[in-house]
Amino acid sequence: MIGRILYSDGLKLKRTFLVLLAVLGPCGVITVNGIRYAMQYPKLVITGDDNWGRLLGNVHLLLVPTLLLGITLIASLLAGMEHQGHTWELLLALPVSKMKLYLGKCAWLTGLLTGSSIIAAAGIALLGYFLGIEPIPWSKVLMEGFDPFLAALPILAIQLYISVMVANQAIAITFGVVGVILSMSYHGLPHWLPWVYPMWTTGADPSNVVPYLGTGVVLGIVLFLLGAAFFEKKEVK
Amino acid sequence: MLNRVLISEWIKVRKSLIWVPVLVGPALAIGTGLLDVSNNHELKPGTNLWEWMYPMLVSFYSLIFLPLLSGIFASLLCRFEHTAGGWKQLHCLPISRTFLYFAKLLYLIVFIGVTQVLLLAAILVVGFSRQIDDPIPWALLVKGIAGGWIASIPLAALQLSISAVWKSFAAPFAINAIFTIPTIAVINSETYGPYYPWAEPFNAMIPSGYGTFNMLPGAFYSVIVGGSLLIIGLGCWYFARRDVHS
């Protein structure tokens, strides 16, 4: 059952630019950093210094807003497709469990962003290799590629829920943009706020990662299930 | 005729959701400003606290929020017609399409202006709540606020041109986001930083020594003035001549 739901969502996504967006995001981040490093090489790559730490820090600064904006956009498009085509009533009238429908959308959102993370991690490794910064610290690179995404799972859940519940996608997108700004000012914000998790989980500074990562993953799964439960109770107009 | 188009736009706008982002931006600035209390920085005695606080409050706002906001406003302004098949009805009426484009552009610029003014009010509120005794540097603040407003005009024109043509709400926003994100890295570069259009609001709002609204004179005239005229001209021309299908 869930396989067919995923397949039908996949068919709908084929005509949009969502997959392109998920691929383009991390490529853009790596490209911009590549150009910046190419132009300011002597200032940024100093022999004997912690070059990987600096590279990961620079990539992280661009990767987190891209990730959050990508989450906002993909969630908005996934739900917006149904709102715009007025297909919610059709979908909910089918003999399919509502929870599974919602979780199917969650799965696509998570899956697309996992692909983004893989590309990001690979891109960081390639960037470091071509810049001649040896050796590649694989654990840190993988941490930088995947941990912001995993720590941002609560944000995924919240954005998808808002996009599904409110037909006007402008509200969801404005909320997402506010979230991006909040995440950038992470120093002054309380540590339990979901929007600060991605910025703290960086490969450049692995000591901070585990509490934010763990909370992010657990809270994300909880919010996904809660969202599905609320969606089941929702009445369709 | 422009008068009538403006009045009809007002009727559409006054009850819509556009006012929400207008209030959100300055509220965000107040929020982040008030939260920054714990960082006790080392200050040289005699520094004007307003001048120290202002760049901290507006840096992320002008770097990311203002360009994205112009996109959100543009999409919201065009949403009325996209959702109900209104473009077809609107183009059937004896209204010049050029005037229609300019009316929407005017509203877009005015909304960004209102947001900037509210931001100024927010900055003053944060300053007073922190009990800063120094004299308010009006010249600095007004130049920054006005500069940010003018610097976002080419971005707003581009967003309006794209939103008027594409039905989806998210596609123009995606394009805007794709160009906005690299600004974080671009502003570090001395050769390209002043000229990148999406970095102009940041260049304009952060105080530097230049006269033309804090931007390099070359950048100001070529990117802002020239760019605005180019985009408005092209956008208006395309809008007036396109075939409307939806």
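Select chain B and show its surface. The accessible surface comes to about 11100 Å², and 69% of that belongs to carbon and sulfur atoms. Such areas come from the Shrake-Rupley method with a 1.4 Å probe; for residues, only the protein chains shown count as cover.

This is a predicted model, in which local features need pLDDT of at least 70, side-chain atom pairs count only at pLDDT 80 or more, and totals for chains, interfaces and linings use all residues. Residues are numbered from 1 along each chain as its sequence is written, chains are lettered from A and ligands numbered from 1 in the order in which they are written, and side-chain values use heavy atoms, with hydrogens and water left out.

**Stop 1: the whole of chain B**

Switch to a cartoon view. Chain B has eleven helices and zero strands. Helices (H or I, at least four residues) and strands (E, at least two) are DSSP runs, numbered from the N terminus. The C-alpha atoms fill a box of roughly 65 × 40 × 30 Å along the principal axes. Of the 246 residues of chain B, 51% count as buried. Buried means under 20% relative accessible area, exposed over 50%, partly exposed in between (1.4 Å probe, protein chains only).

**Stop 2: I162(B)**

Select I162(B) in helix α7 of chain B, residues 153–165. Is I162(B) buried or exposed? I162(B) is buried, with a relative accessible area of 17%. Next, pick G71(B). I162(B) and G71(B) are 91 residues apart in sequence, and their C-alpha atoms are 9.5 Å apart in space.

**Stop 3: the rings**

Stay in chain B and show W10(B), W19(B), F73(B) and F111(B), which form one aromatic cluster. Rings of Phe, Tyr and Trp (its six-membered ring) pair if their centres lie within 6.5 Å; planes under 30 degrees apart count as stacked, over 60 as edge-to-face and the rest as tilted. By this rule there are 16 aromatic pairs over all chains. For one pair, move to chain A: the ring centres of Y197(A) and Y212(A) are 6.0 Å apart and the planes stand at 50°, so the pair is tilted. Y197(A) lies in helix α10 (residues 197–200) and Y212(A) in helix α11 (residues 209–233) of chain A, so the pair ties together parts that are 15 residues apart in sequence. Y197(A) is buried at 3% relative accessible area. Y212(A) is buried too, at 9%.
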